[in-house]
Amino acid sequence: MKVLTLVMLLCYSFAFSSGDTTIHTNNWAVLVCTSRFWFNYRHMANTLSLYRTVKRLGIPDERIILMLADDMACNARNEYPAQVFNNENHKLNLYGDNVEVDYRGYEVTVENFLRVLTGRHENAVPRSKRLLSDEGSHILLYMTGHGGDEFLKFQDAEELQSHDLADAVKQMKEKRRFKELMIMVDTCQAATLFNQLQSPDVLAIGSSLKGENSYSHHLDSDVGVSVVDRFTYYTLAFFERLNIYDNASLNSLFRSYDPKLLMSTAYYRTDLYQPHLAEVPVTNFFGSVMETLHTDSVYKAFSSKTSNNKINSEMPLNQLSEHDELQKANIQNDELKTEKQKCPYTQMRVDLHKKLEKLENVDTVVNLGIAVMLLVVMVSSSLL
Amino acid sequence: MATEKRDKEEEEVKTDDGSLKIKPRPIVQLGIFLVAHSPVFSVVFSAAGVLALLILPLLAKNTYISENALMPGSARSMLSNRDVSDGSKLVKDIKNYRLNHEGQVQKLIGKYMSEMGAEVYYQKFHPEGNQFHPLHFFSGPDSYTLLDNVSCASYGVNVAGIIRAPRGDGKESIVLVTPYDFINGGDYEALSLGITGTLFSLLARVTWLSKDIIWLVADSRYGDYRPVAAWLTEYHSPSFKDSDLLKCGELNTADKFRRAGTMAAALVLKVDGRSERFEDTLSIYAEASNGQMPNLDLINVVNYLAVHRQGFYVKVEKVVSLLSSSWLKIIGEIFEAVGKLAHTLNPDWNFGIPTADYLEGSATLASSLYSQALGIPTGPHGAFRDYQVDAITLKVSPRFPPDSKTRQHDFFLRGAKLLEGTIRSVNNLLEKFHQSFFLYLLTSPSKFISVGVYMIAFALLVASLPMVAASLYIDGCKALNNSTLNPAGNFKSWKWLDAAKQVFALHLFGLIVTLLPYFICQVPGQHSPSNRSIMWGTTSSSLLLITFATIPGCSPFSSRRHGTNWAVLKSVTISAAFIGLCLMSIINFATAEIGALLLVPTCLIVQPIKPALRSRRIKSLLGAFCSMVLLTIGFPVMLFAISKGLFGEGLVGLSLGGEFWTWLESLWAWKSATYLYIGMVHLPCWLLCLCILFHPS
């Protein structure tokens, strides 16, 4: 009976912790280049540039799903074999030593993309190719390629429609695969891809409005192709000034896009996203900077409410008024579930430990234990 | 429901005898209306067809690069002075070698290629190639089977070098061809080797090749076309038997013939003569056999790079005599005025172009139409089209004399840069050229008329034919019914059979006349072209007499009783012409267009001359005169003479027959469908019109 209640309590606590109040525990990035062919060199360079940036800002390789639809580095037309550049000065080789491409070439399909997002993989798919995010994850989804009104072309044959994307995001939300999701798209008419999104906690930014094209930034006349798109170029220019400890907000990123330089209008959709952009640091998505929690016990972390209070008190960005409101909400929560202030599992361990300490004759207990075990073994073997 | 019922009631119009008759559908009504007023509509449609043809230069669109992958001019040229000096050295070496030695310059070029790191081989070929065989029409490129009596007296040697793409898959290649006469080649011709040598030196060391590069130095001693065709034949259909040619001469060509995958594109480079203009001139030749054109993108890339990067003056062929023709100038002025007027009415209407542009456009368009209609390739690139490879010939005329050293350096650099840019563009391709047009007419190097536009002129021209045929048939039937004797009264619908018999007989005659030259060629002994044409003419005319004599009712001079009604005969003739023209428009549009311009008015206007003379009315006399003139022009030999005069080659007089024979010989040697058209559509229809003209009614 006790065990049963214990299990129930455990389940309850998990269910409770997956609510809105879950804390941000990890960062993931899904970076997709959907275009094939040599003349789409810039799309691969875009994606690799973003890959480099998020890695520099702290997202580890194991939490980046990199999808590249073609291999420009080893294309016979590439004048610099096994190198990819996003600038004509050729200072930075994006295809350096530690690039882990998870999905490459013809693996980059709409099906695989949706599988990655929704987590519905075949059994044989290795963990490195899965998006193993949870309810505490912030996910950055970056896509680039050729788009149109409510679609994004994959390879040369398929397309991802805005419905597909919205559906996948909805599934992710229901499966608690993210806490917050940021979708960044650099295609023509990128804004149209977000039209069908409905799920909460999704922030979307696109390089161009409906009817607008996204243009390439410049041509590398040695390689003979355009090497980077304007939107991505200016995004990178923004991030190049930042390091892992910077506190620049998403708002400052979005404000940095100049329609004159972009030759298109960057669009962001915030109606599904609660926090004020001015208070969200870009590293929430583009980096992997999380709150450090100082807890009394290792297992305290399971209980979310106590830690939540702590976060709020430590958060430098939060203003006082909001802080108060949050505290009020938390107090209400506390009143409802006061009996579960202590973790039951911890309590059980502590009790057991105390009982063990009370025992004086440890040796006899051990000996008796061995004798009982022997008896059990004999009985069981005779039965067989 | 109620309204539907009322509609039905309205449709059911009561006829005289009270029975219900369903009103015909609108399209049928339209058809009946058109047929009933066919004389007016035929004139309107034909005039509109001619007008549409004249308007075409106005409708020309600017060319644009359709294929994304090409990206011409996006890469910086990598040519260095070292490459140019390599090319110059090659030209100098060839000159010195030819001064001091006799014979194989090929070896020198081969040595140069292998020094660059290319795989080199030599190919021997026979100069004989095209022989007329009636069964080989449309049968694709001949596999020039090895002849039994191979003589070492005349053979050519091609040199080819292949640069393998360092990281390519070796499945595709780009071909560069420089025809060069190793015996008599002039200084200008050697310059083309210099340009390609410069380029080859660069390509041998670049890292961006995805397709192999083949440089073919074709031995143009026996014409430009034949060596290229021979090389292509061997490239595509390898022979596993050792040719006797291998033993000829000192040059050992026993080493294997090497290949490099399917060809993405081919460029033929020629340098000839001095440019008349201040700039270096680049002429583009694109027409292959039977009016086939390479993909427009290839021309666009070359034109773009030549004009915007290397500053060449680019031109395509034009009919020079048209530039000074006054009637065309007047038409151009009218169009210009109309265009200006339209622009004042609505500023968005900008179809007017200056008269000078119109003249240029028309002259180029006429040349484009003529070259396509002739069906003879305008250069060695034609051989590639037979294998579905897009190819063009670039003829460069430098503005300096060939011995000017300083200018030569610059010329090599620019020529090689143009080729490098083009090759780099084609190198970027992922699949064959397919994005842009294959069916088009050029009005300038940067303007084209697509198939959707130029078809309108032809469609309007031939649209009147079925209309007039139907109306004539109805008239003819009425006339037959009115005549007292009507033995075939039971077979009302078979009235056209007599006429059809005559039309069929004359078409059969046309087929035989078309095949006759093959047999005349088989006649032993050497004959001059004039003799052969006389043989052909006499056999044809005697055959015609036999046809008239044997098939009753066929001859225009037969008695009235056997003769068919001329209206029905004309109706069937027009139908036959319509079918012939439509079929030809699928095979070679330009031929059909020019053919329609001649045949349609003739067919429409022709009427029996006797009643016209008898009536002595001005209208009928004028009609008779017009049909006489048109029929005179329509005779193929006459037509040939006129076209010769038009293209400024001067009338030839007595040797006309011989010239005509030579011309026809060239047509069939190149497997031009125009030859078939003349023999099997134009000639029979012309004869039938003649029959109608002299009809005894």
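In this predicted model, a salt bridge joins R42(A) to D229(A), with the closest N and O atoms 3.0 Å apart. The pair ties together distant parts of the chain, 187 residues apart: R42(A) belongs to helix α2 (residues 41-56) of chain A, and D229(A) to strand β11 (residues 225-229) of chain A. Side chains of opposite charge can pair when their charged atoms come close. Over all chains, the count of salt bridges comes to 28.

Charge pairing also turns up where the two chains meet. Across the interface of chain A and chain B there are 2 salt bridges. One of the pairs is formed by R424(B) and E79(A), whose closest N and O atoms are 3.8 Å apart; with a cut-off of 4 Å, this distance falls within the rule for a salt bridge. On the side of chain A that touches chain B, the residues divide by class into 10 nonpolar, 4 polar and 4 charged.

As for its extent, the contact draws 18 residues from chain A and 19 residues from chain B. About 1,500 Å² is buried between chain A and chain B, and carbon and sulfur atoms give 51% of that area. Within chain A, the residues that lose the most area to chain B are F39(A), A76(A) and R77(A), which together account for 43% of what that side buries.

Attention now turns to the space inside the structure. Rolling a probe the size of a water molecule over the atoms shows where empty space is left. The structure holds 4 cavities of 30 Å³ or more, and the largest cavity has a volume of about 110 Å³. Its lining is made up of 13 residues, and those nearest the centre of the cavity are I284(B), E287(B), V316(B), E317(B) and L442(B). Two or more residues of the lining come from each of β9 (281-285) and α11 (355-374) of chain B. Helix α11(B) gives the largest share, 4 residues. By class, the lining of the largest cavity comprises 6 nonpolar, 5 polar and 2 charged residues.

Methods
Residues numbered from 1 in each chain as written. Chains lettered and ligands numbered in written order. Predicted model: local features only at pLDDT ≥ 70, side-chain atom pairs only at ≥ 80, totals over all residues. Heavy atoms only, no water. Contact = heavy atoms within 4.5 Å. Buried area = accessible area lost by both parts, 1.4 Å probe. Salt bridge = Lys/Arg side-chain N within 4 Å of Asp/Glu carboxyl O. Nonpolar A, V, L, I, M, F, W, Y, C, P; charged D, E, K, R; others polar. 1 Å grid on protein atoms, 1.4 Å probe; cavity = no way out; pocket = protein on both sides within 12 Å on 5 of 7 lines; lining within 4 Å. Points joined across faces, edges and corners; volume = space filled by probe spheres on them.
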